[in-house]
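Q: I am new to this structure and would like to learn how to read it, one feature after another. Please give me the general idea each time, and then the case at hand.

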Amino acid sequence: MTRVCIPDTEYKERVKKAAALAGQWGLDVLLVNSTESDYANARYFSGYWPLFERSGVAITPAGEAALLVGPESEKYGADVSRLDKLFVALYYREGANPSYPETVTSTYSDIFKGLGVKGDRIRIGVCSLLETSVVMLNGLQECYPDAEIVDAFEIMTSLRSIKSANELACLREGFRITAIAMQEVRQALRPGVTELQMVGLAQRVIYEHGAEYEGLPMYVFSEKSTSHAISRPSYRVIQKGDVVQLNLSAKVDGYSPSIGYPVCIGKLTPEKREIVEFGLEAHRWTEQRLKAGAHAGSIASDFYKLYCDRGYKQNFVYGPCHGTGMIEVEAPWMESTSDYALQPNMTFQIDTFVSGSTFGIRWEKGIVITEDGFESLSEPIGEIYELDF
């Protein structure tokens, strides 16, 4: 069976596009940094996902590129990277802070000069600053005290927002696997099992069907923890009458889509049904407004107004959609402050969360924007599940 993945040729095309943008920005070098948990920027160019350590990729306007790894990852990085050049640097060491006194490593001066960057008064674009540690930033300033360091977040957003056919194929495969896990977990839910037992079932299923990893820490939350916008499953025993929130995800070659919906262990109470049905209404409201050319900020503002008008202002946490791709939640978000138009082949999770005082629910699926609307990347959601016990 042919594995769904990003071909090597596409990695080379990504470097060329980034190099052109670096030139347009007047940069001497573009530096992207990543962690094990938010690996996307470096993996986008190299295919490399760090373990324990950090990673980076440096790209020049001339198209020279290199993977940057910590001292323990030289062989691992060389084995998996799609880039020809690799540098080992202490800036990317693991959090235990070993010094590796016997290991020869490179500084940013060594790395940039090795890629053909000349001079000291250079312009360095860094993306993402959130994944750039103080150690990395200090290293840049020590090597290039006269450099201008620029926040280059927009470069990566522009590259990653519009998905290629291969990226969409990875997302579709991830959704296919996730849908199987959703069905098997839903069928296994019953009073007496723990949240973590159901997570274990989901993990088994996604690996059996071809995922490389879970695309996010699996959400199997019950009752009070369902009101958490972000949380982790626990040893809590699921009880009859509980609302259980499922949000499962299967990672395929780095791409991490998610499907989410609530399941009730028994019949919904009137209060719970009201929240579940409003969330589904808001989810479908969002669907009707998605198409190329639509203004993201206007959709988000009207979405918030819907919550306010319907009496759910206090249940609102965030806007109607967020980007999805290599990380399940990636730029761009749809927020009231967003100032961009939707474009074909942008991918989003329609993520409709309603937080109550004692429970909450989320309806979530992935879509790709088209000229006249959107295409759902997953099977339809919207059935309200009340399991009979």
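Q: In what kind of crossing does helix 7 pass helix 8?
A: Helix 7 passes helix 8 in a right-handed crossing, where right-handed means that the near helix is turned clockwise from the far one by less than a right angle, and left-handed that it is turned anticlockwise. Helices here are DSSP runs of H or I with at least four residues, strands are runs of E with at least two, and both are numbered from the N terminus. This is a predicted model, in which local features need pLDDT of at least 70 and side-chain atom pairs count only at pLDDT 80 or more, while totals for chains, interfaces and linings use all residues. Residues are numbered from 1 along each chain as its sequence is written, and side-chain values use heavy atoms, with hydrogens and water left out.

Q: At what angle do helix 7 and helix 8 pack, and how far apart are their axes?
A: Two packed helices are described by the angle between their axes and the distance between the axes. Helix 7 (residues 165-188) and helix 8 pack at about 145°, with axes 9 Å apart; the axes are lines fitted to C-alpha atoms over the stretch in contact, and the angles run from 0 to 180 degrees between N-to-C directions.

Q: Which residues of helix 7 and helix 8 meet?
A: In helix 7 they are Ile177, Ile180, Ala181, Glu184, Val185 and Ala188, which meet Met198, Leu201, Ala202, Arg204, Val205 and Ile206 of helix 8, contact being heavy atoms within 4.5 Å. By class, this contact has 10 nonpolar, no polar and 2 charged residues, where Ala, Val, Leu, Ile, Met, Phe, Trp, Tyr, Cys and Pro count as nonpolar, Asp, Glu, Lys and Arg as charged, and the others, Gly among them, as polar.

Q: How do helix 9 and helix 10 pack, and what is their angle?
A: Helix 9 (residues 270-287) and helix 10 (residues 296-309) have axes 11 Å apart and pack at an angle of about 155°. The two helices are therefore roughly antiparallel to each other, a term for angles over 145 degrees. Helix 9 passes helix 10 in a right-handed crossing. Phe278, Glu281, Ala282, Trp285 and Thr286 of helix 9 make the contact with Ile299, Asp302, Phe303, Leu306 and Tyr307 of helix 10, and these residues divide into 7 nonpolar, 1 polar and 2 charged.

Q: What is the volume of the largest pocket?
A: Rolling a probe the size of a water molecule over the atoms shows where empty space is left. On a 1 Å grid over the protein atoms alone, with a 1.4 Å probe, a pocket is an open set of points with protein on both sides within 12 Å along at least five of seven lines, and lining residues have an atom within 4 Å of a point. The largest pocket has a volume of about 890 Å³, and of its 33 lining residues Gly215, Leu216, Pro217, Ile327 and Glu328 are the closest to its centre. Its lining has 18 nonpolar, 6 polar and 9 charged residues.

Q: Which residues lie nearest the centre of the second largest pocket?
A: The second largest pocket has a volume of about 310 Å³, and among its 14 lining residues Asp38, Phe153, Arg160, Glu330 and Ala331 lie nearest its centre. Helix 6 (153-161) and strand 12 (330-333) each give two or more residues to this lining, and helix 6 gives the most, with 4.

Q: Where is Pro332, and what kind of peptide bond joins Ala331 to it?
A: Pro332 is placed in strand 12, and the bond that joins Ala331 and Pro332 is cis, with omega about 0°. The peptide bond from Cys127 to Ser128 is also cis, with omega near -5°, and Ser128 has its place in the loop between strand 5 (123-127) and helix 5 (134-143).

Methods:
Parallel < 35°, antiparallel > 145°, perpendicular 65-115°, else oblique. Points joined across faces, edges and corners; volume = space filled by probe spheres on them.
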